[in-house]
Every structure is written in structure tokens, then in C-alpha cells.
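Please walk me through this protein model.

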Amino acid sequence: MIGQRFTSRVTKRAFISLRTKPLNLPPTGPTFAIPSHEVVDEERCPNYIPQHYYPARPGEILGNNYQLLAKIGWGTSSTVWLARDITRYRWQSERTVALKILNSCDAKSASDLLGIEETVAQKNPSHLGYYITRSCLESFELKTSDKMHLCLVYEAMREPMSMFQRRFKNRIIPLPIAKAYIQLLLVGLQYLHAECKIVHTDLKLANILMTFENKKAIPRFIQEQVTRLPMHYKTDPITNHTTYQSYHGFGAMDVEDVGNVLPRITDFGSAWQFVVDPETKSQNEAVVLGYGWDFSTDIWNFGVLVWNIIEGTELFTQVEDTNGRYDAKSHLAEMIALLGPPPKGVIERADHMSQVDFPTPIRIEAGKLSKNARELFGGPYFDEEGKFLHEELIPSRKPEDTIPSLDDSEREIFLSFARDMLTWIPSERKTARELMEHPFLNFGGHVSKDALEGRS
């Protein structure tokens, strides 16, 4: 298979076996209480409101079918738990799933999300990219006294790619493996765009999960690790809400296993569905927010993501102020340093769109709402002639400085690949299909056109 074909020879030199070096697994023993002043998991999220999260606890049975074992993930809008299917008969093998419990939401939001998940799951299972995405297997509702929570059931997988990188020396995935993963992710993205007409909008390492092609190892991890390890937790003395700390270890992985590991695109909570042709870039639905969202939004995000995959670092490093808040003018300054100044037409359109009101105001701070992108991000940042108003913030960084792990020949062709994604004008960005044909990804493999179109 693809994962085995391109990774086996380079893995042994770079891979760190975690059989003797586990990933921050907590000690064995009874359940441990965390001091109330320590910040845990979702408490790090901006505008965190504990009452919006379902009060899940280990051992609880949800939907009459699933017993919660351990929390393994969290975000601004959900927590994720490993759970055991208790409907299995004794002669059947153990079945473990991942349950994503969403924050309280209205019926329309739940319906929209389920519609996107259903599209991903059913649109075209014969397309190769179908196997590079993860969609829910089923769903059910959880009700508290005054709220409804949607619970999505997924196939249990291993760690996100951000954790998977820790298994390699200096957190650098060897280039042939990185290229294979980039190619596979583009195949998955092409499935979402061309087949499902879905824009993910939130491509990042945390939303790429690693899994074995042959589905092994997840039950072993559950039986050997989760069921015998304690859960750390803290209880808020004011709200009485208990927050459990998620596990950060996903069990040992041998060097021979890595060639059998594939990435899967997941988490469609921020996705949008359009009636658009990504190949011609024509669009017949209104765009939303800022300059507008379409498939090129994912291409830009993927262009930034390849730095995370290859270097294990961020491309843009000055996006926050000293208080950790997003700083649009500083981010723009770094973009100008690496990409050159934006065309005047882009500036004019972005300025106009920044003053168009959102359908619903966005809360950015406690008690403060923003009704459009200008209020959300500030500005204007350019004068009438298109000159950037904060030139003193433009750093001296150059594109070639951002990719130190590559030699000169690879660096040049990589930057050519990146420029096909990171362009100011959205319509000039290549499609996922076009990017798969770039020479940078010539690592010895080939994905046929028939396979991409579901004819193989």
C-alpha cells in the first residue's frame, strides 16, 4: 500500500521507538485530583464557559451502547472520549470507538453538521480520497436539564499528526515520508472539494489523525493502557463542574509499524458546503467573511500546513501580540516579507468586504461583539495607494530562510510548490488535483487519474 511503499527504507534511521519512551503517560494508581488553580484542557480556550460542555465522566454509559473509558481530546466546541461498545457479545472481539461530544447547540447547527458528515461518508466511497477522510459512523443526542448535546461516533484512531511527529528525531518526519503524507492529504482534499463540494476551513495538524491501514493497535492500547491508568481531574469550586485531563499517550509503536500508518482528515465542525466547481474555480454561492471563503481557502491553509509537516514549525511566527492575542497588522507584515505586497485590487476588495456585516455578530472578548471583519481584526492597514501603514513591522525573513531542513535543490522546488498555494489572489491558487502533479512530490509513487475519479 501507499504508506508501506514509500516509508519503510527511511523510517529506521529517524524513528524513535516509544516502547521504552512513552508519551507522557500518567502514573498508575488511584484517580488524581488536580489543584483548582491549574488550567486544564478546554479551560485554555478563549471565552471558556464550563456549562456549555457536557459533564462526561469515566464509566458513564451514553446512548445505551457506549461506556466512556478515557478522555483523549478537547477543543473550543467539544471533548473527545474513547468508549467501549457494550452491546458486543462475549464471542465477538472488543469494539472501541471515539465519541465526540459537542457543546450545547441548536437544532439547525446540529443538522448542518450531520449533513456535512453524511456527505463525506456517502458521496463516493470508490474515490481514493474517501479513505483519507474520517466521518462519523452514527450520532445521537444527549440531554441535560436545559441543553442538548450532539454526540458523534467515530472509528477509534491513534494520535494527531502533531503528536506523531514526536516519534521522530528532532520531531522532523523524513522527507520521503512527509512527501507521501502531503500527497495523500491532497488526495483527501481533492475528494472533499471535487466530490463533496466541501471546504474544510480548519486544516491543521490537530485535525489530521494517524491510523493503521490494517486497523490494528487501537484495542491493544485500550486494554493495556487506558483501562489501568488513572484519570486526572479538577472540580471548579464555584460551578461544581468537573474537567478531566485528556491522555497524551497512544501506546508504543515499532519502527516496522510506521510504514503502515496513514493520515486521515477529520473534524468538519467548521466546514462549509458550496455549489462550486473547484476545477474551474467558478462559484454560484455568496462568499462569507473578509475576502470570501471558497476552496482556495483550504489551499492557502494547506500551503501553511506543509511547513508544519516538513519542518515541525509554523511558517508565520509573529501572529500574536505580547498578551497572546491575534495581531493582524503584525501577521500582514510577515506575509508581505515572505510573499511580497498584495495587489491593490486585493486590498480594495478586502477593505470593502471587511465592512460587510456578519449574519451573526462574533464574540471576541467577554461582553464584546464584532459585527464585521473590520471590528474583528482592526484596520484599515493600507492607505489609498495600497501602501502598508506599518512598514516598521516587516521582518527581514526570506522564504528560503523558513525551510532549513531541505538542501538547496529540494528547497528551490519546494518553494515553487508552496508558491502555487500561497498567493494573494485566491483564483491563482492551484487546485488539489493540480498540486498533486507538482515535481516536488515526485517521490517514486504515482496516483492515477482513474483512482482519483473513483474508477479504479
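The paragraphs below take these topics in turn.

This is a predicted model, in which local features need pLDDT of at least 70, side-chain atom pairs count only at pLDDT 80 or more, and totals for chains, interfaces and linings use all residues. Residues are numbered from 1 along each chain as its sequence is written, and side-chain values use heavy atoms, with hydrogens and water left out.

The protein has 13 helices and 17 strands. These are DSSP runs numbered from the N terminus: helices are H or I with at least four residues, strands are E with at least two. Of the 456 residues, 49% are buried. Buried means under 20% relative accessible area, exposed means over 50%, and partly exposed lies in between (1.4 Å probe, protein chains only). Among contacts with a separation of 6 or more, 71% come from residues 24 or more positions apart. A contact means heavy atoms within 4.5 Å.

Now to the helices. H4 (residues 175-195) packs against H7 (residues 295-311) at about 165 degrees, and the two axes are 11 Å apart. The axes are lines fitted to C-alpha atoms, for helices over the stretch in contact, and the angles run from 0 to 180 degrees between N-to-C directions. H4 and H7 are therefore roughly antiparallel. The crossing of H4 past H7 is right-handed. In a right-handed crossing the near helix is turned clockwise from the far one by less than a right angle; anticlockwise makes it left-handed.

Which residues of H4 meet H7? On the H4 side they are Leu-175, Ala-178, Ile-182, Leu-185, Leu-186, Leu-189 and His-193. Their partners in H7 are Phe-295, Asp-298, Ile-299, Phe-302, Val-306, Ile-309 and Ile-310. By class, this contact has 12 nonpolar, 1 polar and 1 charged residues. Ala, Val, Leu, Ile, Met, Phe, Trp, Tyr, Cys and Pro count as nonpolar, Asp, Glu, Lys and Arg as charged, and the others, Gly among them, as polar.

H7 also packs against H11. Their axes come within 10 Å and cross at roughly 150 degrees. That makes H7 roughly antiparallel to H11. H7 passes H11 in a right-handed crossing. Val-306, Trp-307 and Ile-310 in H7 meet Phe-414, Leu-415, Phe-417 and Ala-418 in H11. This contact has 7 nonpolar residues, no polar and no charged ones.

Next come the salt bridges. Each is a side-chain nitrogen of Lys or Arg within 4 Å of a carboxyl oxygen of Asp or Glu. The count is 18. One of them joins Lys-234 and Glu-43, at 3.2 Å from N to O. Lys-234 lies in strand S10 (residues 232-235) and Glu-43 in the loop between S1 (32-33) and S2 (61-62), so the pair ties together parts 191 residues apart in sequence. Both Lys-234 and Glu-43 are buried.

Glu-159 and Arg-158 pair at 3.6 Å. Glu-159 is buried at 0% relative accessible area, and Arg-158 is buried at 5%. Glu-60 and Arg-57 also form a salt bridge, at 3.6 Å. Here Glu-60 is buried at 10%, whereas Arg-57 is partly exposed at 46%. Asp-41, Glu-42, Arg-44 and Lys-71 are linked in a salt-bridge network.

The backbone has some points to check. Where is the cis peptide bond? It joins Gly-379 and Pro-380, with omega about 5 degrees. Pro-380 lies in the loop between H10 and H11 (408-419). Phe-377 belongs to H10 (residues 373-377) and is partly exposed at 42%. Leaving out residues up to four places away in sequence, Phe-377 touches Tyr-326 and Ala-328.

Asn-64 has a positive phi, near 65 degrees, and is not a glycine. Asn-64 sits in the loop between S2 and S3 (66-74) and is exposed at 69%. Arg-171 likewise has a positive phi, near 60 degrees. Its loop runs between H3 (161-164) and H4, and Arg-171 is partly exposed at 43%.

Notes:
Parallel < 35°, antiparallel > 145°, perpendicular 65-115°, else oblique.
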